[in-house]
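Please look over the sequence and the model before reading on.

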Amino acid sequence: MDLDRQSELNALRPDLLRFARLQLRDAGAAEDAVQETLLAALTGSHRFESRSSYKTWLISILRNKIIDTIRSQSREVSASSLADDEAGDDLLDDTLFNRRGHWTDAAAPGRWADPEASFEQQQFWKVFEACLDHLPAKTARVFMMREFLGFETDEICKEAGISTSNCWVVLHRARLGLRTCLETNWFAGAGT
Amino acid sequence: MLSCQQATELMSQEQDRPLRLAERLGLRLHVLICSACSNYRRQMNVLRAACRRFGSGGTP
C-alpha cells in the first residue's frame, strides 16, 4: 500500500511545525524548515507502509533542516542572552534546595512509575512539549541541540559561543527544570 | 561528601562526558545513601529516552 502522500502530509504538518517551533523558537524560521521538508518529501520516492514510518522519515528530514538553520544563524545563542535566562534559575534553586544544598522536602524527586507506559500516551507528550516550551528560550535551544539533534557539547559551545563548563551548566539547568516540570505535571499524578 | 545540588550537577554531566574517577566514586556513595538523588539519576535516563523518542518522531 502506498499512502496518499498529500493528505498524510497535511495531517502531519502541524506535528512538524510544532517540532520545528519548539527548537527554533522563531515562527518564520520554523515555517521555512517545514516547507523545505515538505518539498523534499514530495520529490522523494520512498514507499511507506504506515503513517508512523512516514512521520519518522519526515522528522529525520526536518531535523537536518533545523540543524542547517542553526548552523547558519551562527552565534545566535550568545553568552549574554544566556545570562538573561539565569535570573529565573536562582529562583528555581531556592525552591528545590535548602541552604546546605539538600533537596527541600517538597522538592525531593520521587519514583516515576512505569515511564514506558507514559511514552505510549499522547497526553504525556503534550505535557512534555509544554514543559520544553516552559524552559527559558536559550536554555531550551542548547538542550534540544544536544538531545534532539545529537550535537556534541563541543559543537554546541562553538555554535552558542559559550565555554564548555558554561555549556554543562546550561544543560544541567535544562534537565533540572524539565524533570521538575514533568514530575509536577505528570508523574506526581500518574504514579502510585 | 557531595550535597544533593552538586550530585545533580554530576548526574547531568555524566550524560555529556565521562566523569573522573573521584567524581564517579563520590556520586556512587551519594546515591547509595540518598534515595531522592537515586530517583533523580533514573529520571535523567528517562529524560534521555523520552528525548530520543521525541526527536526521532516516534511519539504516538
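Two residues are in contact if their C-beta atoms, placed from the backbone, lie within 7 Å. This is a predicted model, in which local features need pLDDT of at least 70 and side-chain atom pairs count only at pLDDT 80 or more, while totals for chains, interfaces and linings use all residues. Residues are numbered from 1 along each chain as its sequence is written, and chains are lettered from A and ligands numbered from 1 in the order in which they are written.

**Domains of chain A**

- Chain A is assigned domain 1 (5-72) and domain 2 (79-190); such bounds come from an automatic or database domain assignment.
- The centres of domain 1 and domain 2 of chain A, taken over C-alpha atoms, are 25 Å apart.
- Nine residues of domain 1 of chain A are in contact with 10 residues of domain 2 of chain A.
- On the side of domain 1 of chain A that touches domain 2 of chain A, helix 3 of chain A gives the most, with five residues. Helices here are DSSP runs (H or I, at least four residues), numbered from the N terminus.

**Helix 3 of chain A**

- Helix 3 of chain A has 22 residues and reaches 31 Å from its first C-alpha to its last, close to the 32 Å expected at 1.5 Å a residue. The expected span is 1.5 Å times one less than the number of residues.
- Its buried residues include Tyr54(A), Leu58(A), Leu62(A) and Arg63(A). A residue is buried if 20 or more other C-beta atoms lie within 10 Å of its own, with C-beta atoms placed from the backbone.
- The cover over the buried residues of helix 3 of chain A includes helix 1, helix 2, helix 7 and helix 8 of chain A.

**Nonpolar cores**

- A nonpolar core is a set of buried Ala, Val, Leu, Ile, Met, Phe, Trp, Tyr and Cys residues joined through C-beta atoms within 7 Å.
- The largest nonpolar core has 43 residues, and Ala20(A), Ala33(A), Leu62(A), Val142(A) and Ala174(A) touch the most other members.
- Helix 9 of chain A provides the largest share of this core, 10 residues.
- At least three residues of this core come from each of domain 1 and domain 2 of chain A.
- A second, separate core of 11 residues includes Trp103(A), Leu10(B), Leu27(B) and Val31(B).

**Contact between the chains**

- 27 residues of chain B are in contact with 30 residues of chain A.
- Helix 3 of chain B supplies the largest share of the side of chain B that touches chain A, 13 residues.

Definitions and conventions: A residue is buried if 20 or more other C-beta atoms lie within 10 Å of its own, exposed if 12 or fewer, and partly exposed in between; C-beta atoms are placed from the backbone. Helices (H or I, at least four residues) and strands (E, at least two) are DSSP runs, numbered from the N terminus.
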